[in-house]
Structures are given as structure tokens and as C-alpha cells.
Amino acid sequence: MNSYIIGVDVGGTNIKAGLFDAGFTAVDELSLLTEAAKGPAHVLELIRLAVKQLTDGNGIDLQQIECMGMGIPGLLDPEEGLSIFSPNFPGWEQIHLVNEMKEHYDFPVYIDNDVRVNLYGEWLHGAGKNCRNLVLLTLGTGLGSGIIHDGKVLYGTTYSAGEIGHMNMFRDGRPCRCGSTGCLGRYVSAVGMVNTFKEKLAAGKSSVIQTWTNGENGQITALMISEAYDHGDELALEVMHETGRLLGFGLANVINLLNPERIIIGGGMAAAGDRLLGVVRETVNGHALKLSSGRCSIVQAELGNRAGTLGAATYAHQKCKG
């Protein structure tokens, strides 16, 4: 009887789930709206619905499921199976996800941070294959990150190692939800770049994007900035360059501290490609230690949205095998 692994990536907008065979080939994948505002119990029910749809839809008995892994945003204790706090999920505090799932399934369930399961995916199946020292950044609404050090995922004392997005870049910069100010993620993220763009508009600069949005600045997106960049828009060029340079300084610090052989840039904002990464590499080359930066490549993620589900399944399989 064939065995299968389920990987679930719980995001603020969507719950992505995948069913994988023993060789981590995707059998089926699906996505459901998270509807986080309806509370933890509703989200957990949707996860179970995703499992049912994957198994029933493919004629697979639950006894054929070897294990399941879940990527959960926010602070958690993966050994305890406890989600401590997730800032974008109302009421999501001290949720023992593993125990909740044990009431419904006989197979083992494991959780980890959503960025780390993406890290597992890219490290073992994507752009980080065969690397022993690796850093993954996900640039989306915020800046998430995970670290592989000497062939092992770095967790830290409270399972929160690798918060590169909270490196302080400006002493009196933008306020951050962490309680500090000037964190890298408040500038180098899709939201951060859009805010930089809006600040420059408010200071009197202009852009073709104002025509696209009829002056409604609330409609501006990071994708629009990339498109305006391709049109030669001066403000888009300036903002993309400024964002890339700041990320480059942040990564120069990361390279000097961790000495990785590869840095992978993922998340929705990675679609900017060399518009952003060209300036990042140039800045790193000018400011990181030469020996370290010379051995470190900065690349785009390969797996896209599949990194989370594939990584969650891989993580669960490793935990299950001990």
C-alpha cells in the first residue's frame, strides 16, 4: 500500500495544501481562503477540510498518510506543537495545533514557522540544494528569513533565530510591530517599498503610476512600481534602487556574520528580479567582506508558492523518521 505525506502552508490570505508521494512528487494541490477573521477554530476546520479534499479526491485512505507538516506564521514552539502568537490571526494565541489535530488523525502531525518550512523546501528541493550554509529571505507583506548553518536549520533558544527583518537599520525609523523602530523589514518588503514610494509622492515627486491609479495612492502596489520601472519612470527607478541598496547593506551584515554560500530571495517581491537584485549584489560587493561575499551567490527562489507545502511535507517526513 502506497504511503503519502501532506504539507500545509497557512498564510494570512490562503491555506495551501499538497499531497505528496514517498518521493515528494506532488499528487494533488489545493488552496482555500484562510478567513482568519472567523477565528482559530474556523481555520483549523479549513485545514481538516483541505486534508479531506486531498484524500477523498484521490481515493486515499487516511491510513495511507504517513505524516503531515504545517507551516504556521508567527511565534511557536515546534517541539511542543504550540502556536504561541500569530499577529495577523485574531485570537490566535496559545493554540496547541498538534493536539487539536490528534483528535482527528492517527498519523503524526508536526508544525514549524511558515518561513522555515519554505526554507526546507528551497534547501532540499529548490535553489538551495547541496548547500550547507544558506539563508532564505521571503519578501512579501514583511520580510521573513530562515538560516541553514553547517547543514542544520538554525532555531535558537526560543525557536526564533534568523529574524533578519528586525535588524535595526535606522535609529529613529518607521515604527515596527515588534516594538522597535527602523527595522529592515519596514523598508525592504512589498509594503515597505510602497510606503517609500508614497512618502516621495507626498514630498512632491511624481510618477506615471499616479495616472494609472487616478491619483488614488492607496491603490499603488509593488508590482506597479516594477512595471513603472520598466517604463523608465524616474521615481520607480529611484525607489527600486533605494530599496535594493538598503537590502544590500542588510545582506552585507548577514554575509559578514554568517558566511553563507548562498542567499535565496523568495516571496512575491522577488518577482522584481534583477531590477532589485542587481543593486543588491552591487551593494554587497562594495560593502561585505571580500572573501565572504566572493563565495556567496544571491539568487531567486525556484519553487515559488510550492516551497511552503513541499517544505512542510519534507520537514514532517524528517521528524517522523527521527
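The side chains of Lys205 and Glu238 form a salt bridge, with N and O 2.8 Å apart. A salt bridge here is a side-chain nitrogen of Lys or Arg within 4 Å of a carboxyl oxygen of Asp or Glu. Lys205 sits in the loop between helix 4 (190–202) and helix 5 (209–212), and Glu238 sits in helix 7 (residues 234–258), so the pair ties together parts that are 33 residues apart in sequence. Salt bridges with shared partners join Lys200, Lys205, Glu238 and Glu242 into one network. Helices (H or I, at least four residues) and strands (E, at least two) are DSSP runs, numbered from the N terminus.

The model is predicted: local features need pLDDT of at least 70, side-chain atom pairs count only at pLDDT 80 or more, and totals for chains, interfaces and linings use all residues. Residues are numbered from 1 along each chain as its sequence is written, and side-chain values use heavy atoms, with hydrogens and water left out.

Lys205 is partly exposed, at 39% relative accessible area. Glu238 is also partly exposed, at 26%. Buried means under 20% relative accessible area, exposed means over 50%, and partly exposed lies in between (1.4 Å probe, protein chains only).

The search of the whole structure finds 14 salt bridges. One of them pairs Glu79 with Lys319, the closest N and O atoms being 3.0 Å apart. Glu79 lies in the loop between strand 5 (75–77) and strand 6 (82–85), while Lys319 belongs to helix 10 (residues 306–321), so this pair ties together parts that are 240 residues apart in sequence. Glu79 is exposed, at 55% relative accessible area. Lys319 is partly exposed, at 30%.

Another salt bridge links Lys16 and Asp9, with the closest N and O atoms 3.9 Å apart. Lys16 is partly exposed, with a relative accessible area of 23%. Asp9 counts as buried, at 8% relative accessibility.

Thr34 was examined next. Thr34 lies in the loop between strand 3 (26–33) and helix 1 (40–57). Its relative accessibility is 0%, so Thr34 counts as buried. Contact means heavy atoms within 4.5 Å. Leaving aside residues up to four places away in sequence, Thr34 touches Gly11, Gly12, Thr13, Asn14, Ile15, His42, Val43, Leu46 and Phe89. The Thr34 side chain reaches the backbone nitrogen of Asn14 at 3.0 Å. Val10 is 24 residues from Thr34 along the chain, and their C-alpha atoms are separated by 7.4 Å.

Methods
Polar contact = N/O pair within 3.5 Å; in protein donor to acceptor, adjacent residues only side chain to side chain.
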